[in-house]
Amino acid sequence: MMEKMKGRDVYLIDGARTPFLKARSKPGTLSASDLAVQVGRELLARQPFSPTDLGEVVIGCVMPSPEEANIARIIALRLGCGKAVPAWTVQRNCASGMQAIDSAMKDILTGRHDLVLAGGTEAMSRAPLLYNESMVNWLAGLWSSKNFVDKLKQIIKFRPRYLAPVISLLKGLTDPIVNLSMGQTAENLAYRFGITREEMDLFSLESHRRIALAQDNHLLNEVLPVFSTTGEYFVEDDGVRRDTTLEKLASLKPIFDKKFGNVTAGNSSQVTDGAALVLLASKEAVLKYKLPVLARIIDTEWAGVDPAEMGLGPVYSTTQLLKRCQLQREDIDYWEINEAFAAQVLGCLAAWEDDEYCRENLGLPSAFGKIDPNRLNIDGGAVALGHPVGASGARIILHLAHVLKRENAKRGVATICIGGGQGGAMLIENMSEVRS
Amino acid sequence: MKKYNHWRLEPNTDHILWLYFDRKNASVNTINQEVMEELSDILDTIESTKEYEGVVIASAKKHGFVAGADISQFGQFKNIEEAINLLRKGQLIFDRIENLKIATVALIDGFCLGGGLELALACRYRVAEDGPKTRLGLPEVKLGIHPGWGGTVRLPRLIGAPNAFNMILSGHTISGKAAAKLGIVDVSVPKRHLVTAANYYALQSAKPRIITKMNQVINNKLSRTLLSTYLRKKLHEKVSPEHYPAPFQVIDNWEQLGVNGTEPMVKEAQTCGKLFFSETSENLVRVFFLQERLKSLGKESRFEAKHVHVVGAGTMGGDIAAWCALQGMRVTLQDREAKFIAPAIKRAYALFKDKLKEPYLVQKAMDRLVPDIEGFGIPHADIIIEAIFENLAAKQALFKELETQAKPNAILATNTSSIPLDDINSVMQTPERLVGIHFFNPVPKMLLVEIVSGAHTAANVTENAIAFTRKIDRLPLPVKSLPGFLVNRVLMPYLLESVTLLDEGIPMTVIDKAMVDFGMPMGPIALADAVGLDVCLSVATYLGGFLNTTVPPRLTALINQGKLGRKTGEGFYKYTKAGKQIKPKVEEYGKPLTDISDRLVLRMLDQSFACLRDGVVADADLLDAGMIFGTGFAPFRGGPMRYAKTRGVHELFELFVRLQQERHEKTDELIEWELI
């Protein structure tokens, strides 16, 4: 069971993402497929092969708009991959982008395809407002009324409260099994591991600082500009707050557990639109097209955890992944743990440093150990960048590959927590040359 | 069953006669005398038998229903009487279709224009395909005539005067869907249902469309008088009856005689016949053939452009890129930073929305237009068009780079409007690859594209550039790479002369009015503002050395004040934020405006003849075509060369010399004009 994956080598040859665009209280100008198409067409334009040479397109997306059914196919066709390239959409909540890469990886591993475009996209700002149930029933009554009198009777029954919309985004970010919002699951971790408000805010501040620094030093070269039909253009992640301070963060009110909670908008990931895509290739494709290689994908692991503590997903998936690959914490040079909430990442780190927790829950003889903060999310994360749920999983993998290259390091793990109580982790290896 | 040259008769099992129009030795259907005679003969058969339940008239061609009357016949009428007689004969044949006892259906798949639509209108039913290729219209006014086979009578009778005249007076074409909405066709359906629909109507399964009560009232005498006044007023705002009499004639006919009985038909034939012999029509028909000539260029080339790369996302580059994407090509648009590309994307979106209407088609076009800061498109492109600022060193550096990265058979083109190709290509390893593809502003409106060959440009490269221009539905004009090529070289002295007139104290409104009255789309001063005074200056400076002209101080002064024309809100005129000219009142001018237009036009002519002498274009016809499609030179005058010929080349030259002498300008260097 705990065997390493067998099959062909899988290479991450290139990737790109849009700037992550913070939702600003109204729908963004670009839909989820627009975002993926804009980044994808430039990514494909710089390849020596044609989009029609792809074997498959796999895209993660949690909430495509009603006119984007099987959004992956829409994106593939809009990218000019042609009718013959199949495409499918995957949904594993916050890890949909990682799931897409995992699925694409398996296509190559098993020898089904040589080139796959994978990644994720999300336009959270466009999550629709829905009619509530009373309104739907009232409308159904109206439409089924046969004559004028019946119609009139139904019309009189209307009540203004029927107009109260259901905000699909909030529904999506609430776990229906344990009846907790995602923020509340983060509050659970803070409570369990004794994480203070100040620690959370400090973490958040550092995330903003790191992203700003990375932007200034042009370390985010996987970001490609996007353009809207209104003449706007976006070249940088716009959720980064360069002017934020600990005082400012401390002044924010908790938003999930209103009165006594610690999780605020300032130490949570932002509601954001964005897309991140990567190209995976087999050795044959790499050699055939003389492709430069960013990284090799070694393995992926998925784990289930208590939905009320969904933020611990990375702890389980990563531990299992390393076990299977017979690697220790020290073997990993750089880490990307997606920052759904500051408390959630801090909770993961705390769990790993806790002897008892590791023994009881992870089957380790002692604590997994401390992850060096200078090797974790070194260019910031979702608290400052935002967390377009479909795209984040792909973003951290792509960015980790760039970090490994930049730091001339060997291995990295990208891991992400998943609403509903899961975790995903992917192990990659820096690699430039593939020998035949 | 009898055999015909242009028609094929195929009855089906439901006793519906399918009458296929298949003009012999032609790729599209046009109607000439023989076609009509055969149709008449076929009608004899149909009238004399009870065999058929209905008739469907359809095209056997791959493309289109009927493109209209055969225009090459226009010049063959001996006199007005003969033209009127033939038109009347045609009308009577269409009347016989209208009067058949059995149902008649026109199946319209593709274009259905002029005489083709008149034929369809004579049928009881019309079925149209709902795709983008199906266009219906009566474009006769564009040839200086009006419909002459009952179109001006049947269309207002069917759908009412307001909508009918909207089409007839402008010559615009509409889609099958729009035609169904207006009631011109009974139904517009996808291709898969065309035959079923035609058979359905041929079995008289539905009532024919009839005019609404409201529109019926409008066709009455009193309301005709009222509406005519309004229509004439509207028409006057666009064209003058002296230049374009045909649409005015349509209104006159309708006002006098309405749409019922034979009188309006007879009148239509008479006035149409007369219009055939008007100067306007003769010139416009010639312009039509000039356009056909340009359209026929580049046919030998097998060059295929799927991917266009444009360098420079300014007004020209951005609009060229958008236009190519609109035409179905994949386009990468390169500029240094996102901020330079963003405005081009916005303009492209507006263009696509205007032209394509359907959101899914707009999205497709937007997806084809790829911003490309890094220039990833270069090695993939079939054609690369440079549209950066007018600087020789910058262009040289760019082409040196492009040449190494581009596919070996890709066209390398420059959109330069003033720099000779042989200066740019001097740094290239393969100078024979460089060709000029010179667009005019605004790209979506200006049909002409100058194809510039330098001394080194390979013939097949020029030919490929011409073929590409046709692929994007523009008109290619091959020109030699001399400064200004054709259009700018002819325009510049004209624009400079207009500034001289200003200096002489003639108000700009008067100057512009003189040229609009002559038939130009806008006056020279307004044109300079529209082009941009800085652009004018750079072309004028550049051409100055070549043409021995000086830059008027007035122009430089305005530029120094930052007044660059429409784009900055002020040039000679002032403009609103939306770029609309704030029109000052036209001042009084005691003398005839033709004094002014003569001076300006003669300048233009002098330069036109110089271009002809220098071999910038191959012949006078191409020169006319270039000026009409590149600048909007009054089409009803047939272009500068035609105009000179009409007024007398020698006489005009003498007038030009005399005017120069009156102003104490040197005339000893002027060269006598000559049509080559």
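**Figure 1. The hairpin of β15(A) and β16(A), with its three residues between the strands.** In this hairpin of the predicted model, A:Gly420 takes a positive phi near 105°. For a pair to look at, take A:Val413, which stands opposite A:Leu427 in β16(A). Two strands count as paired if DSSP finds at least two bridges between them. Residues are numbered from 1 along each chain as its sequence is written, chains are lettered from A and ligands numbered from 1 in the order in which they are written. As this is a predicted model, local features need pLDDT of at least 70 and side-chain atom pairs count only at pLDDT 80 or more, while totals for chains, interfaces and linings use all residues.

**Figure 2. Strand β15 (residues 411-418) of chain A, mostly covered.** Eight of its eight residues are buried, where buried means that 20 or more other C-beta atoms lie within 10 Å of a residue's own, with C-beta atoms placed from the backbone (12 or fewer is exposed, anything in between partly exposed). Both faces are covered: one side carries A:Arg411, A:Val413, A:Thr415 and A:Cys417, and the other carries A:Gly412, A:Ala414, A:Ile416 and A:Ile418. β15(A) also pairs with strand β14 (residues 334-337) of chain A, in the parallel sense over four bridges. Follow A:Ile337 across and you land on its bridge partner in β15(A), A:Thr415.

**Figure 3. Chain A as a whole, with 15 helices and 16 strands.** The radius of gyration, taken over C-alpha atoms, is 22 Å, close to the 22 Å that the globule rule gives for 436 residues, so chain A is as compact as a globular protein of that length. That rule is 2.2 Å times the number of residues to the power 0.38. Taken along the principal axes, the C-alpha atoms fill a box of roughly 80 × 55 × 45 Å. Buried residues make up 53% of the chain. Of the contacts between residues at least 6 apart in sequence, 81% join residues at least 24 apart; a contact means C-beta atoms, placed from the backbone, that lie within 7 Å.

**Figure 4. Where chain B meets chain A.** Here 17 residues of chain B are in contact with 15 residues of chain A. On the chain B side, β11 (330-334), α14 (338-356), α15 (359-368) and β12 (369-371) each supply at least two residues. α14(B) gives the most, with eight residues. By type, the residues on this side of chain B come to ten nonpolar, two polar and five charged.

**Figure 5. A closer look at helix α14(B).** The helix has 19 residues and reaches 26 Å from its first C-alpha to its last, close to the 27 Å expected at 1.5 Å a residue (1.5 Å times one less than the number of residues). Its buried residues include B:Ile341, B:Ala344, B:Ala348 and B:Phe352. What covers the buried residues includes β10 (226-227) and β11 (233-234) of chain A, together with α13 (315-326), β11, α15 and β12 of chain B. Just after the helix, B:Lys357 takes a positive phi of about 60°.

**Figure 6. B:Asp512 in helix α20 (residues 508-518) of chain B.** This residue is buried, with 24 other C-beta atoms within 10 Å. Leaving aside neighbours within four places in sequence, B:Asp512 is in contact with B:Gly523, B:Pro524, B:Ile525 and B:Ala526. B:Ile596 is 84 residues away along the chain, yet the C-alpha atoms of B:Asp512 and B:Ile596 are separated by 9.5 Å.

**Figure 7. An open sheet of three strands in chain B, in the order β5-β7-β8.** The pairing is mixed. At the edges sit β5 (112-113) and β8 (173-175), each pairing on one side only. Strand β7 (residues 135-137) and β8(B) run antiparallel and are joined by three bridges, and B:Leu136 stands opposite B:Ile174 in β8(B).

Definitions and conventions. Contact = placed C-beta atoms within 7 Å. Nonpolar A, V, L, I, M, F, W, Y, C, P; charged D, E, K, R; others polar.
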